[in-house]
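Dear colleague,

Please find below the structure that I am handing over to you. My notes on it follow directly after.

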Amino acid sequence: MDLTLPPRELHQRAIVIDGHCDTLLNTLSSRRDLAQRSQQGHVDLPRLREGGVTCQFFAMYIEPQFKPARAARRTLQLLDEFYRQLALAGDLVPAKSVQDIYDAKRQGKVAALLSIEGGEAVEGDLALLRMFYRLGVRAMGLTWNERNDIADGVGEQGAKGGLSQFGKAVVQEMNRLGMLVDVSHLSEASFWSVVEHAAAPPIASHSNARALADHRRNLTDDQVRALGKLGGVIGVVFAPHFVESQGKASLRGLVDHIDHLAAVGGIDCVGLGSDFDGYGVSSGQSGVMDDVSQFPLITEELVQRGYTGEQVLKVLGGNFLRVIQAVVG
Ligand SMILES: [Zn+2]
């Protein structure tokens, strides 16, 4: 590919990967159809195409009222919603391997990678983890904000515990199966425990730099460096509270996070993880951009700041692609 193309063309040719959205929960409650361009929410197939997205991660977020006893059942309902949407939107195709992503790009389709947000989904049983893998799940965030039987979430302030014995078995089994271990919502102690025990590069699907926005869900420079060393990737998140400095969230502010993560952890650890449909859906709060159709604005800003074509491609999806290749295959 010609790496000196103008930003719009560079973007259209790139493999663009978004590591996190909460669209499935949104469509399950609103019954909106991802095949149709909607005024609601941030993500649907027409807008993914306008945004030049090649692969969108679809998280299955389990709300607190389903934890812990009905977490697996709730995950299955979200899985059913995922496959209902794929049936409605024929050009939205499941991504179970890196080849599926390349095929989608070649065929002008959009690949959809299933992830679980909250390890309660497996209800303490590796057999359920294996079944979710068989149903197409390729990534899992070990916790949401609270503690579970795998690890402590980021809401457990000051907790010193890392992965439980079961948590270590989960990470090991995910590595064996070929599932991405997502550290985005982990407490710091749990994060370091994953760093110690993971046999494959972890991802932080939707987190920013704590140095720029002091939010508990953002990563410290030490964490960023550790993920960089392990060959992992961090998807920058667009939700305003994770981006803002001096009370303002903007596209330029988001790209400041990309600058910082690249400076600290290296350009190879930076990706995108919007969290679309996971924030501001009812308030109409858009943060750094209105919806996924505006992804090309990131490329324009990166080029304007002097990123080379090669660096832009890494941030847009090349780094996620490398980790998916290494872990999922
Ligand atoms: Zn989240």
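I begin with a pairing between two strands: Pro94 has Ala112 of S4 as its bridge partner. Please bear in mind throughout that this is a predicted model. Pro94 belongs to a parallel arrangement in which strand S3 (residues 92-94) is joined to S4 by three bridges.

**The strands around S4**

S4 also pairs with S2 and with S5. Strands S2 and S4 run parallel and are joined by seven bridges, and within this pairing Ala59 lies opposite Ser115 of S4. The pairing of S4 with S5 is parallel as well and extends over four bridges; here Leu114 faces Val137 of S5.

How many residues of S4 are buried? The count is eight of eight, and the strand is mostly covered. In a regular strand, side chains alternate between the two faces of the sheet. In S4, Val110, Ala112, Leu114 and Ile116 point one way, while Ala111, Leu113, Ser115 and Glu117 point the other way, and all of them are buried. Strand S5 (residues 137-141) has five of its five residues buried, so it is largely enclosed by the rest of the structure.

**The nonpolar core**

The largest nonpolar core contains 104 residues, and Phe58, Leu113 and Ile234 are those with the most contacts inside it. Helix H13 (residues 309-327) contributes the most to this core, namely nine residues.

Apart from neighbours within four places in sequence, Phe58 is in contact with Cys21, Thr23, Leu24, Phe82, Ala112, Leu113, Leu114 and Ser115. Of these, Leu24 and Phe82 also take part in the contact between H2 and H4, to which I turn next.

**The packing of H2 and H4**

Two packed helices are described by the angle between their axes and the distance between the axes. For helix H2 (residues 23-30) and helix H4 (residues 71-88), the angle is about 85° and the axes are 10 Å apart. H2 is therefore roughly perpendicular to H4, since angles of 65 to 115 degrees are counted in that class. On the H2 side the contact is made by Leu24, Leu25, Thr27 and Leu28, and on the H4 side by Leu78, Glu81, Phe82 and Gln85. By class, five of the residues in this contact are nonpolar, two are polar and one is charged.

**H9, S7 and S8**

In helix H9 (residues 221-230), the buried residues are Gln223, Val224, Ala226, Leu227 and Gly228. Their cover includes helix H8 (188-197), strand S7 (203-204), strand S8 (233-236) and helix H11 (251-265). Just after H9, Gly231 takes a positive phi of about 80°.

S7 and S8 are themselves paired in the parallel sense, over two bridges, and Ile203 has Val233 of S8 as its bridge partner. From S8, Val233 and Gly235 point one way and Ile234 and Val236 the other way, and all are buried. Ile234 is also one of the residues with the most contacts inside the largest nonpolar core.

**Backbone features in the loops**

Most residues other than glycine have a negative phi, and most peptide bonds are trans.

- Lys67 and Pro68 are joined by a cis peptide bond, with omega at about -5°. Pro68 is located in the loop between strand S2 (55-61) and H4.
- Glu123 is not a glycine, yet its phi is positive, near 45°. This residue is in the loop between strand S4 (110-117) and helix H6 (126-134). With 18 other C-beta atoms within 10 Å, Glu123 is partly exposed.
- Asp277, also not a glycine, has a positive phi of about 65°. Its loop lies between strand S9 (270-272) and helix H12 (296-304). Is Asp277 buried or exposed? Asp277 is buried, because 26 other C-beta atoms lie within 10 Å and the cut-off for a buried residue is 20 or more.

**An exposed loop residue**

Lys160 is in the loop between S5 and helix H7 (165-177). Lys160 has 10 other C-beta atoms within 10 Å and is therefore exposed. Lys160 and Ala198 are separated by 38 residues in sequence and by 19 Å in space, C-alpha to C-alpha.

With kind regards

Terms used
Residues numbered from 1 in each chain as written. Predicted model: local features only at pLDDT ≥ 70, side-chain atom pairs only at ≥ 80, totals over all residues. Axes fitted to C-alpha atoms, helices over the stretch in contact; angles between N-to-C directions. Parallel < 35°, antiparallel > 145°, perpendicular 65-115°, else oblique. Contact = placed C-beta atoms within 7 Å. Nonpolar A, V, L, I, M, F, W, Y, C, P; charged D, E, K, R; others polar. Buried ≥ 20, exposed ≤ 12 C-beta atoms within 10 Å, placed from the backbone. Core = buried A, V, L, I, M, F, W, Y, C linked by C-beta atoms within 7 Å. Pairing = 2+ DSSP bridges.
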